Structure formats: C-alpha cells, structure tokens
Amino acid sequence: MKMLILSVGCFGLCFYSVIAQGFTFESVEREKPATETETLHELLDEYDIRTRPNVQKQPVIVQVSGQIQQFKDIKESTMEFTSSVFLIQTWKDPRLRHNFTGILSLNGDEVSERIWLPDTYVPNSNQFTLNGKNQLAVISKDGLVYYSARVQIVAACQMYLQSFPMDIQECELRIESYAYPTEHMQLAWNKTKQPLVVINTQMAEFEIADISCTNENVTYKAGKYTRLRATFRFERRMGFYLIQVYLPSLIITILSWLSFYIDPKDIGDRVSLGITTILTIVFLLGTNNSYMPRVSYAKAIDWYLITSFMFVFATLVESLVVFKFYRSDDMLNENEERKAKVTEGYKPNNAMRTQLINQDAPLSRFKEFVGQWNTGSQKPVRVEVIGQIQQFKDIKESTMEFTSSVFLIQRWKDPRLKHKVAGTLSLKGEEVSERIWTPDTYVPNSNQFTLHEKNQLAVISIDGGVYYSARVTIVAACQMYLQSFPMDVQECILKIESYAYSRDHMQLAWNTETSQPIQVINTQMAEFEIADIKCTVENVTYKAGNYTSLRATFRFERRMGFYLIQVYLPCLIITILSWLSFYIDARDIGERVSLGITTILTIVFLLGTNNSSMPRVSYAKAIDLYLITCFMFVFATLVESLVVFKFSRYDEMLKEDKKTNITEEVIGYKPNNVMREDSVKMDALKQQEATSPCLVDENGETRSLRIAFAHNDLYRRSRSSVVLPKCIPKSYVYTSNCKFSLSQMIDRVCRVLFPVSFGFMNILYWYLLTLK
C-alpha cells in the first residue's frame with residue numbers, strides 16, 4: 001500500500017513539473033523583446049567611460065575619415081583657414097557587444113556621457129569648437145562603434161606669398177590623440193579611396209587642387225603618438241586681382257602717357273596728369289596691402305605696382321625735361337629773331353640802322369634783378385615646469401599683448417599615488433582635475449587664459465611621480481617700447497606662479513633635464529623672428545607670503561621689409577616728387593601749389609595709415625620722425641613756391657616802375673608829346689647806355705632797359721628811321737650792373753639744397769637707427 005502511495009506521489013510530482021515547465025515555455029515565448037532603451041541601459045549600467053577598450057591588450061585602432069562641409073575662410077592676414085567638418089571615427093569596443101536586433105544609437109551630449117570616446121584633437125588649431133548636439137554614435141552587435149561629430153576648426157596655415165596672387169598654398173589639418181600613445185591607441189585613415197571628402201568645393205578666391213592624407217609617428221616627452229596629416233593644396237584664382245589691381249594699374253600707366261601728346265609748354269596740365277596717376281598707383285598699393293600680413297619680402301603684385309609707379313614717375317620727369325628743352329628752344333628762336341631784326345640792313349663800318357620794335361612785343365618776358373644771393377613645516381612640493389609653445393599666433397602693438405598656444409607640462413611626486421600596477425596609470429580630460437591634486441599654477445600677466453579641459457593628460461608612475469600635460473591658450477600682456485619702431489626689438493615675458501601655495505608649501509622650478517625648458521615648435525611668424533628665449537626663477541613677495549615666479553623671456557626682432565616697401569619707399573618718392581616744383585615757372589603758382597598740396601596730403605595719409613594699428617603712445621616713433629621730416633621737406637617746398645611767386649611779382653612791379661622813370665629821365669618823354677629826332681638826347685642815351693640797368697628775360701637774354709623802352713614807347717610813334725645804338729653785348733652785360741632775377745636764383749639754389757639736405761638726413765637717420 002505504501003509503495004502504491006509513493007508511486008502515485010512521484011507520478012503526480014513529475015506531471016506537475018512537466019505542466020509547470022510547459023507553462024514557462026509558453027510564457028517566455030509570449031514575452032515581448034527588450035527595447036533599444038532597455039538594451040542600452042543594461043549594456044551601459046556598469047560601463048566605465050574612463051577606461052579605454054582592450055586594456056592591457058592590443059592597442060585600440062581608431063579609423064578616421066571626414067566630410068568637410070566647406071572651407072569658410074582662408075585669411076592671409078592671420079595665416080589661418082576655417083573649415084566645417086563632419087569628423088567620423090570607428091573602433092571596436094568588446095564591452096559594447098549586444099544581442100539586440102539591429103543597431104543601437106546614441107546622440108547629442110549623451111554620447112560623451114555614456115561611452116568611451118577617443119580624445120582626438122587638432123594640434124595646429126587656433127580654435128576648435130565641438131557642437132555637442134551634433135553628435136551620433138551607432139553601435140553594432142559585434143561592438144563596432146561608428147562615431148560622427150560636427151566640429152568647427154580654425155587652423156594655422158603657414159603661407160608663402162612671394163608669388164601672390166599666382167601662388168599655391170598648402171594648408172594642413174593634423175589629428176592626434178592627446179593622452180594615448182601608440183601602445184594604447186593608434187590612429188589610421190579609413191581604408192576608403194579618399195578618407196577626406198569636401199562636399200562644397202566652391203570658394204570665391206581658391207580652388208582645391210589636391211588633398212593628400214598621410215600618417216606619421218611623432219615623439220613627445222610623454223611618449224610616441226600617431227599623427228594623421230591631411231594636406232590641402234589651394235590654388236588661387238587671380239581674376240579678382242586682374243580686375244581690381246592689374247587692369248587699373250595698366251590703364252593708369254597708359255593714361256599717364258597722354259602727357260606725351262600735350263603741348264610741352266602746358267606744363268601745368270602735364271604735371272597735374274602725372275601727379276594724379278602717381279597717387280592712384282600709391283592708393284592701389286596701399287589698398288592691396290591693407291589685408292595682407294606684414295611680411296618682410298615683396299610679393300609679385302608689389303613688384304608690378306612698383307614697376308607701374310616707376311613708369312608713371314618717369315613720365316612725369318619726362319614732362320619736366322621736355323619743358324626745359326622747350327624753353328631752351330624757344331629762347332634760341334627768340335634770339336635768332338631778334339638778331340635778324342637788329343642786323344637787317346647792317347653794313348660793316350657803317351652806323352647800324354634798326355627798325356622799330358613791334359609795339360605789341362611783351363615786356364612781361366623781362367625781369368629786373370633787385371638783389372643778390374648769400375639741421376613651512378613639511379618639505380614643500382617641488383613642481384618642475386616644461387613648456388612647448390605650438391606657435392605665437394599674434395603680436396599686437398595696438399593692445400600690447402601676444403597670443404600663444406602652449407602645451408604646459410608639470411611634474412611632481414605625490415606619495416599618495418604610489419601603486420603596484422605594472423607600468424603607469426593615466427587619467428585624461430576633465431577627470432584629471434576631478435580625481436587628483438594638481439598645482440594651481442597661473443599666468444599673472446595674462447589678459448586671457450583658456451584651459452582646453454579635454455586636452456589634459458596625467459600619467460602616474462609606480463613611485464607616485466606625476467606627469468601632467470595640459471593645452472592652454474594664453475593672451476599675455478607685453479610692455480613694448482616703440483621708440484625705434486620698425487627696427488625695434490621687443491622682450492615679452494610669460495610669468496608662471498602658484499596662486500595659493502607659497503614657497504613653504506610648493507616651489508616651482510624649470511625642468512633641468514633639458515637645456516631649454518621652453519621650446520617653440522613653429523617659429524614662423526610674418527613680422528617677427530625669435531632671437532632668444534631666457535628662462536629664469538625669481539622669488540616674489542605678496543602680503544600672503546613669498547612665492548616662486550618662473551619667467552620665460554622671449555626676444556622678438558622685427559623684420560622691417562614690410563615697412564620699407566609700404567612706408568619708407570613711397571615717402572621717399574613723394575618727397576622727391578615735390579621738388580619738381582623747382583622746375584616749374586615761378587609765375588605758375590597754381591601748378592606749384594597743386595603739386596605741393598597733393599604731396600603733403602599723401603604724406604599725411606601715410607602717417608595716418610601707419611598709426612592706425614599703433615597704440616596711442618606719448619612719444620614719437622622712429623617711423624614717425626621720418627614721416628614728419630618728409631612732411632617738413634614737402635611743406636618747405638610749398639612755402640618756397642609761395643616765396644618765389646612773391647618775388648616774381650615784385651620783379652614785375654619794379655619793371656613797370658622803371659619803365660616810366662627811365663623813359664622820362666633819359667629821353668624826356670612825356671605821354672602827351674611825340675618825340676622827334678633829337679641828336680643831343682640820343683648822344684646822352686649812348687653815353688649812359690653802359691651804366692643803364694639791363695632787363696633779363698626768363699632764358700637769361702639781356703637788353704638795355706632804356707633802349708628797349710625807347711623802342712617800344714617812344715619811337716614806335718614817330719615811325720621814322722632813327723639811328724639807335726645797338727643793345728649792350730651779352731659779354732659786356734654780365735660785367736655791368738645786369739644780374740639774375742632773385743626768384744630764379746632761389747629756385748636754382750633749392751634744386752641743390754633740398755636733395756643734399758634730404759640725403760644727409762637719410763644718412764644720419766639710418767645711422768642713428770642702426771646704433772639703437
């Protein structure tokens with residue numbers, strides 16, 4: 001009986017198990033599959049975003065590709081280019097394997113908050129902006145991660161502009177890992193035919209000729225890293241410069257040749273045309289260089305404009321030379337005509353008989369000479385500092401500051417961080433400052449200090465030694481002394497101090513393992529070159545205590561080629577150009593004043609343009625002294641023109657007065673009488689001729705004042721044949737009382753005095769400037 005009951009019990013138990021198991025299978029079959037959100041939650045519940053995949057195994061291989069939306073701007077003035085990039089990275093993370101049907105995705109800020117990401121950055125970027133909302137991570141079943149992010153990059157590009165505007169520029173985008181050396185992570189371009197694709201290739205000024213993608217290994221103090229390099233070859237379209245610079249310059253140069261078709265005696269019109277074309281070329285030269293960097297060499301477009309300037313200047317000089325020869329020719333013709341009139345009917349050994357001078361002959365050609373002519377408790381923490389300066393982005397005189405992108409490296413020992421892990425421990429990004437102690441170093445003379453928090457790395461060795469590297473951008477104040485500008489040498493300082501820890505708690509020191517603790521990676525600058533770097537240590541005292549101050553002094557020497565081409569040379573030529581007024585007739589005051597005013601305004605324009613980018617210092621810079629001196633020379637030329645014009649008017653007034661007085665005194669002419677032949681008065685005229693004043697025309701020819709007046713005012717009425725003495729010979733005139741006009745003498749002296757004085761000033765200026 002017992003056996004029967006036991007058998008029935010076993011049978012019931014088995015039956016119940018089978019029924020229960022069937023119901024379980026049915027419930028599982030009817031259970032809904034997990035959603036994407038649930039799968040992600042389960043997958044990432046214990047996921048550590050600070051740990052890279054494949055720890056203590058093979059390095060993570062990150063394949064990189066990109067789609068460049070467009071190149072927004074390529075600036076020569078700052079030597080940088082801006083691009084909008086969809087940066088795509090793929091890698092395998094075994095911790096992210098899943099059984100979800102399909103793929104898992106994360107987007108926006110949750111990407112960087114929930115999964116590990118490579119710490120890639122662009123070392124040659126001046127500005128790197130990640131749009132947090134424009135991120136996407138797609139995770140496949142085998143743990144392959146596809147990560148895309150939209151970034152805006154402003155990167156430095158070293159440009160060589162000797163062939164501008166027919167130049168070709170090669171600009172780079174460099175991609176590296178900030179914290180992971182090659183044994184932990186390796187970067188590689190995606191194996192597609194072209195890992196970088198430009199979606200919108202249209203640019204106003206450039207076209208993309210080629211894109212090359214290469215990779216290399218670079219070594220820093222923290223180890224060896226992989227660098228991806230994308231090189232873009234930009235070819236400049238020169239249509240803009242053909243239309244805006246070359247064509248106008250060509251037309252202006254040809255236009256200046258119109259002076260060859262203007263009558264040589266119209267010197268005012270020819271000089272006005274020459275001055276206008278010269279100023280137009282100077283304007284084109286200044287406008288073209290207003291958006292260019294201050295390079296110390298001449299660009300191809302500069303050579304073209306300077307050559308055009310020289311052609312236009314030569315045309316102006318030709319006008320003056322031709323005018324001078326024209327006056328000489330006119331003088332010779334007048335002498336020949338006068339000789340023909342005087343010698344007509346003349347026979348040797350007989351008294352010369354002359355015809356009456358035409359009553360319309362202008363006496364205004366003659367001038368009378370009126371004068372003569374005669375420059376703690378415990379040991380303090382020792383923090384060793386090293387700096388690698390990526391580049392000096394900008395050195396501004398206007399704000400007296402300089403900008404630098406620096407890899408600031410600090411080393412110290414923290415006994416609390418000793419460990420027994422084989423190798424080193426590392427922290428990166430924001431977790432560095434969140435999890436370990438770091439020195440509170442700062443730059444006291446900085447106007448702006450930007451720490452790129454994602455670009456931080458801390459490597460901890462077994463003995464607790466900490467190697468901490470951070471990328472910072474510093475805009476620091478620099479007291480500049482510009483008295484010798486543009487041949488000045490500036491010393492700018494970067495000061496590094498602790499804000500809270502005095503010398504009793506922490507001491508800063510330059511690293512002694514290297515000969516130069518501060519190194520500059522990219523030394524190329526448009527306007528300056530680095531002559532020297534000095535690293536010193538000082539102790540400074542504040543009310544809170546004594547502190548250590550590290551000082552790195554950079555000595556910058558300015559290249560002055562830009563200023564020679566853009567300021568000194570135009571100023572020199574404009575000053576010389578103003579002296580052309582010495583060769584214009586003193587009575588043409590309109591042309592001389594027009595030339596003087598135009599050259600003065602040009603010097604003022606150069607002075608204002610040069611100081612527009614300078615600080616408002618209370619002293620004159622060397623370039624200011626040069627421009628002011630040129631201004632004074634040009635102004636003196638204008639004043640000389642006014643003085644000479646005044647003397648010429650005085651000469652004419654004296655001439656008119658002498659005309660009446662001499663006629664009445666010598667000949668007895670009265671306006672209401674008509675003189676008949678009077679041998680007595682003619683004898684008196686002959687006797688006094690040797691001592692009579694002489695009239696000097698503009699070409700140096702002389703005539704007896706009395707004889708000339710007698711011909712014109714007296715004998716023209718009688719119309720009778722009168723025996724008159726001939727004019728005093730030229731050889732006798734210069735030994736008598738005849739002298740040059742004062743206005744002519746002043747012009748002739750200034751033609752020598754101004755160039756000699758200006759040359760002496762230039763020799764003295766450059767000599768003294770070189771001594772400084």
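**View 1. Pro-486 sits in the loop between strand E18 (465-477) and strand E19 (489-498).** Strands here are DSSP runs of E with at least two residues, helices are runs of H or I with at least four, and both are numbered from the N terminus. The peptide bond leading from Phe-485 into Pro-486 is cis, with omega near 10°. Elsewhere, the bond from Phe-164 to Pro-165 is cis too, again with omega near 10°. Pro-165 belongs to the loop between strand E6 (144-156) and strand E7 (168-177). Most peptide bonds are trans. A quick note before moving on: this is a predicted model, where local features need pLDDT of at least 70 and side-chain atom pairs count only at pLDDT 80 or more, while totals for chains, interfaces and linings use all residues. Residues are numbered from 1 along each chain as its sequence is written, and side-chain values use heavy atoms, leaving out hydrogens and water.

**View 2. Met-79 and Met-400 have a positive phi.** For Met-79, phi is near 50°, and the residue lies in the loop between strand E1 (60-75) and strand E2 (80-92). Met-400 has a phi of about 50° and falls in the loop between strand E13 (381-396) and strand E14 (401-413). Most residues other than glycine have a negative phi. Are these two buried or exposed? Met-79 is buried at 9% relative accessibility, and Met-400 is buried at 17%. Buried means under 20% relative accessible area, exposed means over 50%, and partly exposed is in between (1.4 Å probe, protein chains only).

**View 3. Arg-50 has two salt-bridge partners, Asp-48 and Glu-431.** A salt bridge puts a side-chain nitrogen of Lys or Arg within 4 Å of a carboxyl oxygen of Asp or Glu. The closest N and O atoms are 3.2 Å apart for Asp-48 and 3.9 Å for Glu-431. Arg-50 is partly exposed at 39%, as is Asp-48 at 28%, whereas Glu-431 is buried at 9%.

**View 4. Arg-592 and Asp-747 meet in a salt bridge, 3.0 Å from N to O.** This pair links distant parts of the chain, 155 residues apart: Arg-592 is in helix H9 (residues 589-611) and Asp-747 in helix H14 (residues 742-771). Both residues are buried. Salt bridges with shared partners also tie Glu-172, Arg-174, Glu-176, Glu-216, Arg-227 and Arg-229 into one network. The whole structure holds 33 salt bridges.

**View 5. Ile-278 and Phe-554 touch the most other members of the largest nonpolar core, which has 89 residues.** Helix H10 (residues 622-667) gives the largest share of this core, nine residues. Domain 2 (240-326 + 562-654) and domain 3 (382-557) each supply at least three residues; these bounds come from an automatic or database domain assignment. A nonpolar core joins buried Ala, Val, Leu, Ile, Met, Phe, Trp, Tyr and Cys residues through side-chain atoms within 4.5 Å. Neighbours within four places in sequence aside, Ile-278 is in contact (heavy atoms within 4.5 Å) with Phe-309, Val-312, Phe-313, Leu-316, Ile-574 and Leu-577.
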